[in-house]
Amino acid sequence: MNILRWQTPGLTAWPSFDGLSTLRNEIDRLFQAPLGELAPTSHLLRGSGPALDIFEDKDSFVVKAELPGMKKEDINVSLHDGSLSISGERKNETKSEGTEVYRAERFFGRFQRTVNLPSQVAADKISAEYKNGVLTVTLAKAEEAKPKQIDVQVN
Amino acid sequence: MQTTLENQTANNHAAREDYVAPNVNIFETQEGYVLEAEMPGVGKEGLDVTLEGTEITITGRRSPETVTGQPLFRERNTADYRRVFELDPAIDTAKVSAKVTQGILTVTLPKSERVKPRKIAVN
């Protein structure tokens with residue numbers, strides 16, 4: 001399964017200054033964590049796309065993405081050739097004119113993430129829910145992709 | 001407002017894996033300060049905002065995961081959120097209010113009346 005993380009052009013994955021203050025923690029964690037866990041969960045290596053979890057059971061895939069503070073009409077979910085795309089724009093709703101900014105760690109702007117699903121899904125059986133800043137997309141597997149039990153007839 | 005993160009995690013090795021610091025925006029207006037923290041996965045019932053002395057602590061516990069399938073790929077942090085900030089003494093702690101919408105906690109910290117700029121009429 002390929003997971004492509006989109007990054008804002010010109011915006012590096014370099015952390016904010018606050019990220020630097022936790023650099024020591026991050027380095028400690030890099031040495032402690034098993035190798036497989038590193039890349040996806042590491043804060044320093046993460047780009048600006050939303051963090052994802054993907055689950056599978058025998059009938060469906062569930063994709064969960066962290067998208068805090070969005071309006072549901074600003075989130076686009078699409079399926080093309082077996083890859084699921086989640087895109088949108090995180091807008092800063094708060095007026096900041098005439099204010100003094102102390103910290104600006106939240107990300108605003110366009111984002112997109114694409115996930116190639118490991119098996120065929122039924123395009124007409126996709127549902128999405130947005131709650132507490134987490135988008136949950138449920139995709140039913142296509143009939144031909146579901147495991148089938150075939151009875152063997154012995155004469 | 002001192003916005004330094006109290007680095008509890010570095011001092012307390014036992015608690016290190018338990019919390020993650022949420023990303024915040026903090027700005028000051030004439031009326032007071034506004035703190036916005038990103039806590040996706042946290043609902044109203046999982047939130048705790050505590051004022052103690054000169055510190056404000058925000059804690060967010062994630063709602064329990066409802067998915068039953070096998071995880072194929074995980075990169076979301078599962079730890080709860082926690083972060084401590086030091087308050088400007090000008091803040092009127094009795095009037096602090098908080099709300100949460102779609103994983104964003106917004107804490108409004110108004111300044112007390114005596115420090116707000118005001119015009120003095122000249123007789």
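The model is predicted, so local features need pLDDT of at least 70 and side-chain atom pairs count only at pLDDT 80 or more, while totals for chains, interfaces and linings use all residues. Residues are numbered from 1 along each chain as its sequence is written, with chains lettered from A in the order in which they are written.

The contact between the chains takes 36 residues from chain A and 34 from chain B, two residues being in contact if their C-beta atoms, placed from the backbone, lie within 7 Å. On chain B, helix 1 (8-11) and strands 2 (24-28), 3 (32-38) and 6 (70-74) each give two or more residues to the side that touches chain A; helices (H or I, at least four residues) and strands (E, at least two) are DSSP runs, numbered from the N terminus. Strand 6 of chain B also pairs antiparallel with strand 2 (residues 52-56) of chain A, over four bridges, where pairing takes at least two DSSP bridges. There, Asp53(A) sits opposite Arg74(B).

Within chain B, an open sheet of four strands runs in the order 1-7-5-4 with mixed pairing, and strand 1 (19-20) and strand 4 (47-52) form its edges.

Chain A averages a pLDDT (the predictor's confidence in each residue, from 0 to 100) of 78, with 69% of the residues scoring at least 70. The pLDDT is below 50 over residues 7-16 of chain A and also over residues 36-46 of chain A.
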